[in-house]
Amino acid sequence: ISKSPKKLPNGFYEKAAHNNTQRVVSVCKMYFLDYYCDMFDYVISRRQRTKKVLEYLEHKRAQNMSDQTLNMEWNGYIQQEHDVLRKRRLKPKHKDFE
Amino acid sequence: MAFLQNFHLSPGQTIRSTRGFKWNSGPNQQQQQQQQQSQEELPPSSSPLRAKENNARPFNDTSNNNTVYGGDPLLTTPIRSEPQLQQQQNVTDFNYTPSHQKPYIQPQSGTTVTTHQDIKHIVEMTLGSEGVLNQAVKLPRGEDENEWLAVHCVDFYNQINMLYGTITEFCSPQSCPRMIATNEYEYLWSKGKGIPPVSVSAPKYVEYLMRWCQDQFDDEAIFPAKKDGVFPERFIDKIIIPILRRLFRVYAHIYCHHFNEILELNLQTVLNTSFRHFCLFAEEFKLLRPADFGPLLELVTELRDR
């Protein structure tokens, strides 16, 4: 099976060798490399931030900070993360070309 | 960084090379080493995004936090950990083809071009290693589900735009006069309520579809851009699911009718990673039903059981 000829459209190789196609393919690969690096970077560093905030809040709780203040601090942190995430949706490309 | 030289960028544009890719989990020792390495490199936040956020944090000046975010974030640049190419941990061959396409299964090893080793390496690792993407799609603690889904929805839109962009030369009204995925499925486009959906060519369909998505992304009432903007009622059911359901059809068309071209262009790992990410995401939040996967149901099942 693996040796059967592939059905490629007429003129595939001419088109594939064309500058434009080559460029689009490069850009596509670049885009995905960049996207996944950035996405993993974001997810991991966000988890680390959250972990540190939770540790900090735990530490404060041990120092008898009121529950209300703790909740406020946590909500403040969440709101900030939320804003950062929203910005990622709005300008996904801009920061890649700074 | 040699691979960066292959990309054609307009003068003045540069690509950031400072981002770190970090292995989140790894059974393999080398990975663990790498992880330790990058943990030393990464925590002092380097991207302007995080640096900014750092400064803005209200309780940033407490002693506890200072130790946590110690060091000058601007001076420490995480170096992208070198991909370890000799790592041969079970790299999964991902060139699955649904049964009706049996004749063109594997790419011959000769078709694998060695440029872009980095992305190949990363996506192969992504495919091979358990749970990296599965972990990444999970809702971060405390985050609004709508926002998380909206961000991903836009990301998948961009990914599909990129993927389809590479084969526009090969997907013309002549080659694909109807938007089909195998002979069993044809997708029709409806221009509005009450107007019966019509059969259009694949490039036309994708054009309409992308325009339709973009119009919604631009609509402040649907995808709020302001800080205090809120999502509409039943945002997931009414907006997210219809968009994903349609975006999926572009994957279906590419897989069923342009997979050979993708193989020849050596984009199969990119396509597979993107699609797998899409499926895992849809599954995590229960967004698509099996019926929505129509022609690729086999592939999706394979992915899930992997």
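Trainee: What is the relative accessible area of B:Leu188?
Mentor: It is 39% in this predicted model, so B:Leu188 counts as partly exposed.

Trainee: Where in chain B does B:Leu188 sit?
Mentor: B:Leu188 is in the loop between strand 2 (185–186) and helix 7. In space, its C-alpha is 8.6 Å from that of B:Arg178, and the two are 10 residues apart in sequence.

Trainee: How many helices and strands does chain B have?
Mentor: There are 11 helices and two strands in chain B. In sequence order the pattern runs α-α-α-α-α-α-β-β-α-α-α-α-α.

Trainee: What share of chain B is made up of buried residues?
Mentor: Of the 306 residues in chain B, 52% are buried.

Trainee: Switching to annotation. Which residues does UniProt list for "binding site"?
Mentor: The UniProt entry, which is unreviewed, gives B:Cys171, B:Cys176, B:His253 and B:His258 under that heading. These residues spread over 88 residues of sequence, yet they cluster in space, with a largest C-alpha distance of 10.1 Å.

Trainee: Take B:Cys176. Is it buried or exposed?
Mentor: B:Cys176 is buried, as its relative accessible area is 7%. Its place is the loop of chain B between helix 6 (145–166) and strand 1 (180–181).

Trainee: On to charges. How many salt bridges does the structure hold over all chains?
Mentor: The count over all chains is 14. One of the pairs is A:Glu81 with A:Arg46, where the closest N and O atoms are 3.8 Å apart.

Trainee: Which parts of chain A does that pair tie together?
Mentor: A:Glu81 belongs to helix 3 (residues 67–90) and A:Arg46 to helix 2 (residues 19–62), so the bridge links parts that are 35 residues apart in sequence.

Trainee: And those two, buried or exposed?
Mentor: A:Glu81 counts as buried because its relative accessibility is 0%. A:Arg46 is buried as well, at a relative accessible area of 2%.

Trainee: What about A:Glu58 and A:Arg61, what do their side chains do?
Mentor: The side chains of A:Glu58 and A:Arg61 meet in a salt bridge, at 3.2 Å from N to O. Both residues are in helix 2 of chain A, three residues apart, so about one helical turn separates them. A:Glu58 is partly exposed at 45% relative accessible area, and A:Arg61 is partly exposed at 48%.

Trainee: Which residue forms a salt bridge with A:Asp83?
Mentor: That is B:Lys227, with 3.6 Å between the closest N and O atoms. This pair crosses between chains: A:Asp83 is in helix 3 of chain A, and B:Lys227 is in the loop between helix 7 and helix 8 of chain B. A:Asp83 is buried, with a relative accessible area of 12%, whereas B:Lys227 is exposed, with 57%.

Trainee: Which residues do salt bridges with shared partners join into one network?
Mentor: The network consists of A:Arg46, A:Arg49, A:Glu81 and B:Glu143.

Trainee: Last topic, surface charge. Which residues gather in the patch of negative charge?
Mentor: On the surface, B:Asp215, B:Asp218, B:Asp219, B:Glu220 and B:Asp228 form that patch.

Trainee: Where is B:Glu220 placed, and why does it count as partly exposed?
Mentor: B:Glu220 is in the loop between helix 7 (202–218) and helix 8 (235–257) of chain B. Its relative accessibility is 33%, so B:Glu220 counts as partly exposed. The range for that class runs between the limits for buried, under 20%, and exposed, over 50%.

Conventions
Residues numbered from 1 in each chain as written. Chains lettered and ligands numbered in written order. Predicted model: local features only at pLDDT ≥ 70, side-chain atom pairs only at ≥ 80, totals over all residues. Heavy atoms only, no water. Patch = residues over 30% accessible without salt bridge, like charges linked within 9 Å, V, L, I, M, F, W, Y side chains within 5 Å. Areas by Shrake-Rupley, 256 points an atom, 1.4 Å probe, with all protein chains shown as cover. Salt bridge = Lys/Arg side-chain N within 4 Å of Asp/Glu carboxyl O. Lys, Arg positive; Asp, Glu negative; His and termini not counted. Charge placed at Lys NZ, Arg CZ, Asp CG, Glu CD. Helix = DSSP H or I, 4+ residues; strand = E, 2+ residues; numbered from the N terminus. Buried < 20%, exposed > 50% of the residue type's maximum accessible area, 1.4 Å probe, protein only. UniProt positions renumbered as here; feature names shortened; annotations may be inferred.
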